[in-house]
Amino acid sequence: MAAHPLENRRDEANQKIDPRLWKRLVAYALRHRRTVLGMLPVLLVVAGIDLLYPQLTRYAIDHFIGGSTTEGLLRYGLLYAACVVLQGVGVFLYVRGSGRLEMDMSYDIRQDAFARLQQLSFSFYDTTSVGWLMARMVSDIARLSDLIAWSVVELVWSGVFVVGIAAVLLSMHWQLGLLVLCITPALAVLCAFFQKRILKYQRVVRKTNSRITGAFNEGIMGAMTTKTLVREEASAAEFQELTGAMRTASIRAALLSALFMPIVLTLGSVSTAIALARGGSLVLTGVMGFGTLSAFVSYTTQLFDPIQSLARILAEMQSAQASAERVIDLLDTEPDVVDTPEVEAEYGTALAPRCENWPPIVGRVEFCNVTFSYKTGETVLRDFSLTVEPGQTIALVGETGAGKSTIVNLVCRFYEPTAGQVLIDGADYRTRSQLWLHSALGYVLQTPHLFSGTIADNIRYGRREATLEEVKRAAAMVHADTFIEAMPDGYGTEVGEGGGRLSTGQKQLVCFARVILADPRVFVLDEATSSIDTEAEQLIQSAIQTVLEGRTSFIVAHRLSTIRNADRILVIRDGRITESGTHEELLALGGYYHSLYTHQYRAEATRGALGA
């Protein structure tokens, strides 16, 4: 499975951690300032109490043990107990706040990512696998929200604690404090050394994980094809190669992380040894008391707890950098087809439409010297012109790759012309909102798609407010009511994932009913009857003329029997119109259409005779 273009672009990018990415993600946490600001004083209190414990121990050694007295022991015990209770409450509030922040961030990022997916152009989904998107939306976002809500908040605590310990050490004995703190530069160099290497392998892990998710999706969706072609062994070998690459990169990243932490612990032990050796000499000379030495050793030991946390968080940030890159890339992906700011100001956006400003669509469609090329550089249409009057039915026939689907995709503004104009009712559709056009558009695909839910839910998908009577009326127009009412639950029948509980013909009839209920002004049938049986096609044919009446319609036809009543049939070859006319006119012309129709008619007649 090929990698997504965004992955390749990032792999060529700077390998250092990009603070701008994390700034963008931390901004999601700052949307919940009340939670964040509520946690800051809690962290300060917890850090302050941690700093207070060694001082309490110092006082106990110097006063109670060194002074051989129990005076004030009750007050000391109460103070210590109060610190324990207060810290316990602080930890509870911290855990609650971080958990809430994690959930809120996951919700916000997923909402923004899903909104972006709704805005992206048709071309994005042409080049992006489902597995790639699912990895971004599920695992990457969950990982980042967990990291920021817990680790970044802990980073604040660790930073405050380290600064506090350093200040206390220097205030107690600045020479010994400096001696202990001299280890920290070595730790900084160590972190820089491991940073690039851990990040390198984590990028490979995340990239391969996306490909594995995509392979899972393709393996499930294509299970029948795999079995019929006896590809089980080959598919398993290909999948094993992917998982093997991920395992190798994961082991290398884990090995580096495993080396990182013990070295940090070793540095901490060295620092403690320095404090004991030098501090012990100061105690023997009477410069420092036993209580102060005990506090010094405690602080030295505690100093490396937050430093270890900082090292762990840094390693996690290195690990999650690849996830951050991919999520931000998704959020920053711009659609190829966009409305200008002036159009959005007047007509609104897809998520905030201003329907009151939309002019009604009559249905006149014009191609004015249109040239279109895909991003790959392939030019499909050259200087293409066509005028379709309101209510006309235009059929497009031709070889695969001739440009038929490109024409209807341009009509729908799924793509925009590379040169020239597409006019709707005399106006360049780029001067109108995309949603303005799409709201008046009905599109039935060759491969029908249903959403999980009931048959009624799927029919009213484009008009949620439609009544059950309107749903039944739409189903009756395409004769879908016959099979629906024969089902045990009728219109309340669950269709299953992707409509798997219905036959292909039944799914297509439901799709027709769904489009009819939306009452579009422009109707597109992209080989919509090629995947259904003859009986289902006859049901649709008997209703299609009524459905198309008064609507501007484009039919991309595989079965020529479905377009005999079209107002005009266009033969498209190499992105140009080579023949144009009605069914009878093109048969009389004796050209490509005549040859195609005759061949198909004979083939259908032969199949009918063999069936009989």
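V156 is partly exposed, with a relative accessible area of 37%; partly exposed lies between buried, under 20%, and exposed, over 50%, with a 1.4 Å probe and protein chains only. V156 sits in helix α6. Helices here are DSSP runs of H or I with at least four residues, strands are runs of E with at least two, and both are numbered from the N terminus.

This is a predicted model, where local features need pLDDT of at least 70, side-chain atom pairs count only at pLDDT 80 or more, and totals for chains, interfaces and linings use all residues. Residues are numbered from 1 along each chain as its sequence is written, and side-chain values use heavy atoms, without hydrogens and water.

V156 belongs to a nonpolar surface patch with L37, L40, L44 and V160, and together they have about 400 Å² of accessible area. Two or more patch residues come from each of α3 (33-65) and α6 (130-172). The most come from α3, which gives three. Patch residues have over 30% relative accessible area and no salt bridge, and nonpolar side chains are joined within 5 Å.

Now the sheet. Four strands form an open sheet in the order β2-β1-β4-β5, with antiparallel pairing; pairing takes at least two DSSP bridges. β2 (379-388) and β5 (427-428) are at the edges with a single partner strand each, so one side of each has no neighbour in the sheet. Between β1 (residues 365-373) and β4 (residues 419-424) there are five bridges, in the antiparallel sense. Helix α13 (residues 404-411) packs on the sheet and touches β1, β2 and β4, contact being heavy atoms within 4.5 Å.

Definitions and conventions: Patches are made of residues with over 30% relative accessible area and no salt bridge: like charges are joined within 9 Å, nonpolar side chains (Val, Leu, Ile, Met, Phe, Trp, Tyr) within 5 Å. Accessible areas come from the Shrake-Rupley method with a 1.4 Å probe; for residues, only the protein chains shown count as cover. A salt bridge is a side-chain nitrogen of Lys or Arg within 4 Å of a carboxyl oxygen of Asp or Glu. Axes are lines fitted to C-alpha atoms, for helices over the stretch in contact, and angles run from 0 to 180 degrees between N-to-C directions.
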